[in-house]
Structure formats: C-alpha cells, structure tokens
Amino acid sequence: MLPSSIQISGEPLSGAEVRDICRGLRDNAVRLLSLRGCRLCDRDFGRICRALAGATSLAQLNLNLGVVSSPSRIKQLAEALRTNRSIQSLFLHGSPLTDAGLALLNPALALHPALVALDLGDCMLGDEAINLICGLLPPDGAKSGDHVAGMLAVAVASSRTLEVLDLESTGLTNQSAQTLLDMVENYPTALRSLVLAENSISPELQQQICDLLSEGEEEEEVAGGPGDTQKQERGREPAAHQRGSSSWMCPTDPSSQMVLMTSGLGDSLLAETEM
C-alpha cells in the first residue's frame, strides 16, 4: 500500500483516531501527518511520538497551533526525532516553545539526517533560541565542525562495532560535546574511547563523556564474570592519555578495535585493527 496522508485541523482527537494514526505510522502507511490545532491528552501525544520514532515513510509532520504545548511534550517530540530518520519537513508554528524548549529540541534537530524545512514562527523565541537556529543554518552552505560532529554522532549511535573515535583538532566546541554527550548517554554503542584533544571544549563536558564511557565498560566487565579473566589480564590503557596540554582519551580495550580517525573536517579513515 502506498503511503497516504492524514490531515485533521482544530478537532479533539478520540482514542480510536489516535490508535489509527499510530497504526498507520507503525505500518509505514503515512507520508504526511497534519494535526494542526488538534487537542489531545498527554498520554495520546506520547503514543503518537513513540510511533513517529520508528516511522520510515513519514516525510512531513505538522503540529502547528499549540499541539506541542508543554515541556513534557517537547521532550517526547525530541526523543522521537532522535530516532526518526525520515521526516523532511517539521511545522511547529504557534507552539509555546520558548528558548528553553528549543534548547531541548536543538540536539535532535542538529542530528536529524533528513530535515530540510522547519517552521518555528510565533513560538515565543528569544535571542538564545535565535543563536541555536543560526547554528542549524551555516552561511553559504559551509559545514562547521559542530555540524559535522552532529552528522557523525548519528553514524556512531547506529554502529555496533566502532570502539575508538579520534576527533583531535577538528574545530569542535561545547555544542559538539553536548551532542556527543547526548549520544553516549542515550544510545547503547560499542564506543570505548573518544579523543577530543585541541578543541574548544570545556574540561567538565570532556569528563562527563569520559565518565559515561567508563561506566559502560565497567558494566560489561561485571557482566562478563570469571569468563572475562583473560580480557582483564591483558590490561587497559590509562584513563588519561596525554596528547598535549588539553588532550585526553577515555579508556579502551586494545585487544581488538574498530578505529575511526578524523583529520581536519574533510578526510576520514575507517580501519579495523587487530592488536
């Protein structure tokens, strides 16, 4: 069945209508979903967001005129956008997002691989939000280090083999680090080591990322039990690997690594090494 459209405007949504919408999204039978000015309870909004997350046919989403009406709904929409890969146009006109709400949405918007149209008119946005929007719109199509980091985080989040990521001296900022922190915190990955040397990233954000990677490694060691003795005997690299005054590297198991090294912003090398 070819994807179709669902367009409802200014109406309260019944439980049955919400179930039909969710079913259409899960079956990848909906290409356009417009709930402009519709009224629905928080529980039903959450159900739609969970269905949005896995939808692969949906290209346009219209939630104009107050559908995204609270911080909890903003968070639910952000979670859906972190997983969704198909939405190309997102309309939130007339939603009371405010600067704080857009800050919650921004990491998901920056990471989304398909989004090309975004309507944020009359969303009660101030200077802080405008700065975030400008970060999504690099001048003359130029891709900043932060933009590249956002795209890279999508790839890392979906990888089950990448263990070492070297982003030394790639023009990253705290915005990049926050995106990478969100990725490490919210997605199960094989990543064990992340190098962020010679970038404009605060030590606090670096340490938070390092701590999260270390926690994941410790959990695996506990789960491995006695059968993991051989791996433990091989030892691990120090928690901090100095590569300059501001360099650092999270722990890694050197026995078998999938390594991704980025030099500058244009070239990348992916190689699997056996040590």
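**Exercise 1. Work out how helix H3 (residues 71–83) and helix H4 (residues 98–111) are arranged, given that their axes come within 8 Å and cross at roughly 5 degrees.**

Step 1: The axes are lines fitted to C-alpha atoms over the stretch in contact, with angles from 0 to 180 degrees between N-to-C directions. Helices here are DSSP runs of H or I with at least four residues, and strands are E runs of at least two, numbered from the N terminus.

Step 2: Because angles under 35 degrees count as roughly parallel, H3 is roughly parallel to H4.

Step 3: Now look at the contacts (heavy atoms within 4.5 Å). On the H3 side they include Ile 74, Leu 77 and Leu 81, and on the H4 side Leu 104, Leu 105 and Ala 108 are among them. The residues of this contact divide into 10 nonpolar, 1 polar and 2 charged. Here Ala, Val, Leu, Ile, Met, Phe, Trp, Tyr, Cys and Pro are nonpolar, Asp, Glu, Lys and Arg charged, and the others, Gly among them, polar.

A word on the source: this is a predicted model, where local features need pLDDT of at least 70, side-chain atom pairs count only at pLDDT 80 or more, and totals for chains, interfaces and linings use all residues. Residues are numbered from 1 along each chain as its sequence is written, and side-chain values use heavy atoms, leaving out hydrogens and water.

**Exercise 2. Is Ser 89 buried or exposed?**

Step 1: Find Ser 89 in strand E4 (residues 89–91).

Step 2: Its relative accessibility is 15%, so Ser 89 is buried (under 20% relative accessible area; exposed is over 50%, partly exposed in between; 1.4 Å probe, protein chains only).

Step 3: Check the neighbours: leaving aside residues up to four places away in sequence, Ser 89 touches Ala 59, Gln 60, Leu 61, Leu 115 and Ala 117.

How values were computed. Angles under 35 degrees count as roughly parallel, over 145 as roughly antiparallel, 65 to 115 as roughly perpendicular and the rest as oblique.
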